[in-house]
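Please look over the model below before reading on.

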Amino acid sequence: MIAVAALMLPGAASAAPPSPAELYGPLFEAVQRERVFDDGKTFVDATARARPEAILTAYEQERPATREALRAFVERHFILPGDGAQDTADNLVAHIGGLWPQLTRPPLDPPAGSSALALPAPYVVPGGRFREIYYWDSYFTMLGLKVDGRDDLVEAMLADFVSLIERYGHIPNGTRSYYLSRSQPPFFALMVGLSDNDSPALARARLAALRAEHAYWMRGAACAGTHGACERVVRMPDGSLLNRYWDDKATPRDESWAEDVATARESNRDPAIVYRHLRAGAESGWDFSSRWLSDPARLATIRTTDIVPVDLNSLLWTLETTIARRCRASAEAACAGTFAALAERRHAAINRYLWNGSQARFGDWDRESRRLTPVLSAATLYPLFAGIASRDQARAVASTVRKDLLAPGGLRTTLARTGQQWDAPNGWAPLQWVAAEALKNYGEHALARTIAARWVATVERTWRGTGKMLEKYDIEEQRPGGGGEYPLQDGFGWTNGVTRALIAELDETGAGREAR
């Protein structure tokens with residue numbers, strides 16, 4: 001057995017700074033409980049005008065008793081955030097190009113009293129309420145930056161992510177103190193693949209960062225036990241190791257405190273268990289989806305950490321093969337052999353546990369029932385995206401996609417209409433890219449082009465009607481999406497990146513004009 005836990009690199013990660021909940025305690029709870037702001041993220045993104053102790057002393061003295069008084073107190077003691085990307089052109093490609101400067105932020109040395117994390121280089125934010133860099137969003141944003149010749153920003157964002165790994169041991173969900181207890185789908189290996197910089201020093205730093213990220217995801221291997229699980233690691237029935245989403249905390253999320261408290265109350269379960277499942281759902285990026293629910297109609301039945309997801313494990317296979325390849329390139333034979341063996345074992349476990357031939361799909365494995373969950377989702381395409389599916393598996397998945405997941409406006413996320421944003425009728429930019437690339441990998445070019453063209457048409461139709469690039473879309477009706485725990489956001493980083501990259505690919509195949 002390869003000792004995965006022993007792959008940790010020397011050196012300790014920096015201590016995590018306190019989150020707003022930890023800093024402001026009773027004030028934080030009062031503001032979130034009374035819903036002083038429509039979006040719970042507003043307060044946790046505010047910048048304090050004084051030291052936390054002084055603000056808390058003032059709060060204890062004043063004890064504002066009403067929602068209005070609380071808001072007035074916050075506005076006196078904090079600088080509230082504000083955003084907004086504006087329309088700049090009457091051509092979709094030009095419009096996307098015009099949004100990059102609006103969504104780009106300079107290197108950040110946060111002021112005292114901010115929950116933001118420092119970043120050494122410029123970066124691109126999604127937009128709207130998402131005022132900081134986000135992990136998996138950034139890969140899809142980078143695709144568009146690459147097409148538009150903004151390699152400078154691709155390299156800058158890679159520098160930011162390496163810096164985060166060096167400081168904290170992983171890439172957090174986003175660059176806020178309250179996001180440090182979790183990560184997001186591990187796309188860093190694919191981000192590194194977008195770089196054209198062949199500096200040996202950069203190659204060494206990036207390889208070290210890749211290995212550190214792998215160690216973070218596998219940190220629970222030593223305590224998973226026989227047929228058990230620990231942190232982000234699950235020991236499968238045959239002893240092999242796969243991974244799950246997790247969060248190091250079991251408290252309400254700072255940015256969604258009131259919503260999480262209400263969900264836990266409705267669940268009639270131990271609140272700490274519900275909070276962990278909600279936080280793990282946020283680490284998945286699919287927050288929230290029927291993928292994680294026992295009863296698709298009730299968020300309170302969430303059980304994310306009981307599920308072994310196919311997308312996560314496909315991405316970790318990519319991480320392992322990338323490390324093996326880069327170790328070979330740097331003449332580190334032992335490292336290359338270790339990670340190649342880990343990837344081979346993960347591949348075998350994915351085939352054994354996350355594939356159902358009779359249903360012609362990859363899926364998520366339920367630790368309790370010891371079989372795939374019944375949810376067909378766009379995540380079924382991730383093994384094709386990674387390149388670990390067989391030809392027969394790929395043909396079967398393509399048939400399932402054509403029959404069940406292809407919608408008038410792109411690729412469906414799931415087939416369930418639950419009111420959660422990662423379910424029908426919503427479609428999401430990252431899933432369109434994963435699907436199109438996955439299908440191209442196995443020669444399903446016509447289906448890949450159909451998904452890409454329908455998505456671009458949906459984005460353009462909605463943009464012409466609203467003037468906005470949106471976070472998600474209703475791909476049944478080809479209009480703005482809905483659902484979830486916050487209002488629909490515009491900006492929008494990954495929609496811009498994926499749409500720009502798909503337009504470029506459609507242009508190369510002669511389908512671009514039809515798509516637009």
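What follows is a short report on selected features of this model.

This is a predicted model, in which local features need pLDDT of at least 70, side-chain atom pairs count only at pLDDT 80 or more, and totals for chains, interfaces and linings use all residues. Residues are numbered from 1 along each chain as its sequence is written, and side-chain values use heavy atoms, with hydrogens and water left out.

## Helix packing

Some terms come first. Helices (H or I, at least four residues) and strands (E, at least two) are DSSP runs, numbered from the N terminus. Axes are lines fitted to C-alpha atoms, for helices over the stretch in contact, and angles run from 0 to 180 degrees between N-to-C directions.

| Helix pair | Axis distance | Crossing angle |
|---|---|---|
| α3 (residues 52–62) and α4 (residues 67–77) | within 11 Å | roughly 155° |
| α1 (residues 20–33) and α4 | 10 Å | about 125° |
| α6 and α16 (residues 429–441) | within 10 Å | roughly 65° |

Start with α3 and α4. Their axes cross at roughly 155°. That makes α3 roughly antiparallel to α4. Angles under 35 degrees count as roughly parallel, over 145 as roughly antiparallel, 65 to 115 as roughly perpendicular and the rest as oblique. α3 passes α4 in a right-handed crossing. A crossing is left-handed if the near helix is turned anticlockwise from the far one by less than a right angle, and right-handed if clockwise. From α3, the contact uses I55, A58, Y59 and E62; from α4, it uses L70, F73, R76 and H77. Contact means heavy atoms within 4.5 Å. By class, these residues are 5 nonpolar, 1 polar and 2 charged. Ala, Val, Leu, Ile, Met, Phe, Trp, Tyr, Cys and Pro count as nonpolar, Asp, Glu, Lys and Arg as charged, and the others, Gly among them, as polar.

Now α1 and α4. They pack at an angle of about 125°. The two helices are therefore oblique to each other. Their crossing is left-handed. L27, A30 and V31 of α1 meet L70, F73 and V74 of α4. This contact has 6 nonpolar, no polar and no charged residues.

On the α6 side, the contact is made by W136, Y139, F140 and L143; on the α16 side, by P430, W433 and V434. These residues divide into 7 nonpolar, no polar and no charged.

Helix α6 covers residues 135–147, and T141 is found in it. Is T141 buried or exposed? T141 is buried, with a relative accessible area of 3%. Buried means under 20% relative accessible area, exposed over 50%, partly exposed in between (1.4 Å probe, protein chains only). Which residues does T141 touch, leaving aside its neighbours within four places in sequence? The contacts of T141 are W100, V124, G493, W494 and G497. P271 lies elsewhere: T141 and P271 are 130 residues apart in sequence and 36 Å apart in space, C-alpha to C-alpha.

## Aromatic rings

A pair of aromatic rings is described by the distance of the centres and the angle of the planes. The structure holds 32 aromatic pairs. One of them joins Y245 and W292: the ring centres are 6.2 Å apart and the planes stand at 80°, so the pair is edge-to-face. Rings of Phe, Tyr and Trp (its six-membered ring) pair if their centres lie within 6.5 Å; planes under 30 degrees apart count as stacked, over 60 as edge-to-face and the rest as tilted. Y245 sits in the loop between β7 (241–243) and α10 (257–267), and W292 in the loop between α11 (271–284) and β8 (307–308), so the pair ties together parts that are 47 residues apart in sequence. Both Y245 and W292 are buried.

## Backbone details

Two cis peptide bonds can be described. One runs from D287 to F288, with omega near 10°. F288 is in the loop between α11 and β8. Another joins A424 and P425, with omega about 5°. P425 lies in the loop between β14 (410–411) and β15 (426–427).

Positive phi comes next. A360 is not a glycine, yet its phi is positive, about 55°. A360 is in the loop between β9 (355–356) and β10 (361–362). A360 is buried, at 18% relative accessible area. Q478 also is not a glycine, and its phi is positive, about 55°. The loop between β16 (473–474) and β17 (479–480) holds Q478. Q478 is buried, with a relative accessible area of 18%.
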